[in-house]
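Work through the exercises below with the sequence and the coordinates open. Try each task before reading its solution.

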Amino acid sequence: MPGFEVFGEEEKREVMQVLESGVLFRYGFEEQRGEQWKVRQFEEAFARYTGAAHAQAVNSGTAALKVALAALGVGAGDEVITQGYTFVATWEAILDCGAIPVFTEIDASLNMDPADLEKKITPQTRVIIPVHMMGAAAKIEEILAIANRHGIPVIEDTAQSMGARLNGRHLGTFGAIGTFSLDSVKTITTGEGGMCITNDSALMQRMDNYHDHGHDHLPNPGGRGGEKRPFIGFNFRMMELQGAIGLAQLAKLDGIVAAQRANKEALREAAKAIPGVGFREMQDPSGDSATFFTFMLPDKARADRAAAILKAAGVAPTRWSENTWHYYPNWEHLLQGHTAAANDWPFSVGGKRRYLYDPKALPQTVAILERALTYQVPVRMSAERSQALHDGLTQVARTL
Ligand SMILES: *Cc1c(COP(=O)(O)O)cnc(C)c1O
C-alpha cells in the first residue's frame, strides 16, 4: 500500500534541490528560488495525472476535505452526508465547519449505499461525501445522479484511492471536488500532505484563497503584504519539501499500482478455495488500485474462526469491526458528542444536546463488516510473507 516502501534516490534528489535553494516556502522568494516551484509543479503534475483541470495542494487529506467544504460554502447549521465506514477525518472536517455529519450505510461495494443516501437527504443537506474506500470506486455515477436531482454538490474523498479509476476515468474527477491524502500510509506519500482537484475554476479560486489566509495571490506592487483577501481563510499550505517528494512519488504511482495488483491477485487466488467465500462488489475491477484485499465469509462466526486461524498462522487480518478509526459503532467520541469546545458545540447549543448518534443506527454496515477480513497489499511482498499468507488462507479453506 504505502509509497514509503519505494523511497529512493529520486526523492533524495528532489529534496536536495529544495535544501540547496534554501527556499522552503511555496510563495515568494522569487530571486532566491529561480525557476524552482516544487509545490506548484507537483500540483500541475497531479492535475495532469488525474485529468483534472486544477489541483490545490494542502498539508493533509483532512485539510483537503476542510478546504473543499469551505470552497462549497458549508457552514453552521448545514448537514453533510458521508458513510459510516470511513476514516474519522471525513466527518472531523465536516464538524470543523460547524456542520453536522449524517451517516449512510455501506453496501456490498464497501462504499456508500445509494439507496440509503436517498433516505438521508433533508432540506439541510449541503454536500454529499462518498468515500472511495480501499482503492476501489464507490457507486459514484448513481450517487451523482441522486445528488444532481437534489442540486447538492459531491466531494469525493479519494484519500485511499489515488491511482484508481472507473472506466478509465480517475476517481476524484466525477464530483465537484476530489480530495486526496499523502499521509504516511497512503499509496504515495509526502509524510503529511493532501490535494484537492476540480474542473471548476471558481471553486479552484476559493480553495486557493481559503487555504492561505484568504490571500488572492494576484500580482501587485506590495507582494504578499499587498494581496487582497476576499474572505477569511486559514493556513493549510504545503511546503516545498513536500512538493518535491510528491513529484518523485507521483512518478512511481503507476508502478506501485501495478505491483499491488499482482500481489492482490495472488491473495485472491489463495482465498478462492475457502468454502462460502465472497468478494467485494466492484464497479470496475480493472480500475482497482489494489491497496487492500478483502474477503467475506457467510456469517460472523465463520469470520471469527477464520481470523483466529490466520492469527495463529502469523498472518492476522484486519477486522474493520474491531478498528477504532474507520467504523461508526467504535467512534465513541462522536457517539458521546465530545468536541474540543467546552460547550460541546455543535452537538450542544445553550447547554442542550441537539444531536445524538445511536450506535445501532447502521445495522447493514455492521452486518457487512463483521463478516469481512482484510489485508493491506504491499508494493513489495517478500517470498516469506507471500508463502505465510498462502499457507494461512489454505488452512482456512481446509478447516472452515
Ligand atoms: C487518510 C484519510 C484521510 C485523511 O488524510 P490525512 O492526510 O491523514 O489527514 C481522509 N479520508 C480517508 C478516507 C482517509 O483514509
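## Exercise 1: an antiparallel sheet

Thr294 has Thr374 in β14 as its bridge partner. The model is predicted: local features need pLDDT of at least 70, side-chain atom pairs count only at pLDDT 80 or more, and totals for chains, interfaces and linings use all residues. Residues are numbered from 1 along each chain as its sequence is written, and side-chain values use heavy atoms, with hydrogens and water left out.

**Task.** Starting from this pair, find the strand order of the sheet and the helices that pack on it.

**Solution.** 
1. Helices (H or I, at least four residues) and strands (E, at least two) are DSSP runs, numbered from the N terminus. Two strands pair if DSSP finds at least two bridges between them.
2. Count the bridges. β11 and β14 run antiparallel and are joined by five.
3. Contact means heavy atoms within 4.5 Å. Axes are lines fitted to C-alpha atoms, for helices over the stretch in contact, and angles run from 0 to 180 degrees between N-to-C directions.

## Exercise 2: the faces of α14

**Task.** Which residues of α14 are buried, and what covers them?

**Solution.** 
1. Check the geometry. Helix α14 (residues 383-399) has 17 residues and reaches 24 Å from its first C-alpha to its last. That is close to the 24 Å expected at 1.5 Å a residue; the expected span is 1.5 Å times one less than the number of residues.
2. Sort by accessibility. Buried means under 20% relative accessible area, exposed over 50%, and partly exposed in between (1.4 Å probe, protein chains only). Leu389, Gly392, Leu393, Val396 and Ala397 are buried.
3. Look down the axis. The buried residues fall within an arc of 140 degrees, so they line one face of α14. The arc is that of the directions from the helix axis to the C-beta atoms.
4. Turn to the other side. Ala383, Glu384, Arg398 and Thr399 are exposed there.
5. Name the cover. It includes α10 (253-271), β11 (292-296), α11 (300-312) and β14 (372-376).

## Exercise 3: Cys196 and Lys186

**Task.** Is Cys196 buried or exposed? Where is Lys186 placed?

**Solution.** 
1. Locate Cys196. This residue is found in strand β9 (residues 194-198).
2. Read its accessibility. Cys196 counts as buried because its relative accessibility is 0%.
3. List contacts, leaving aside neighbours within four places in sequence. Those of Cys196 include His54, Ala64, Ile177 and Met207.
4. Locate Lys186. The loop between β8 (177-181) and β9 holds this residue. At 9% relative accessibility, Lys186 is buried too.
5. Consult the record. An unreviewed UniProt entry places the feature "active site" at Lys186. UniProt positions are given in the numbering used here, feature names are shortened, and annotations may be inferred rather than shown by experiment.

## Exercise 4: a parallel sheet

**Task.** In which order do β2, β3 and β4 form their sheet?

**Solution.** 
1. Read the order. The open sheet runs β3-β2-β4, with parallel pairing.
2. Check one pair. Strand β2 (residues 79-83) and β3 share five bridges. Gln83 has Thr104 in β3 as its bridge partner.
3. α5 (residues 89-96) lies across β2 and β3, at about 150 degrees to β3.
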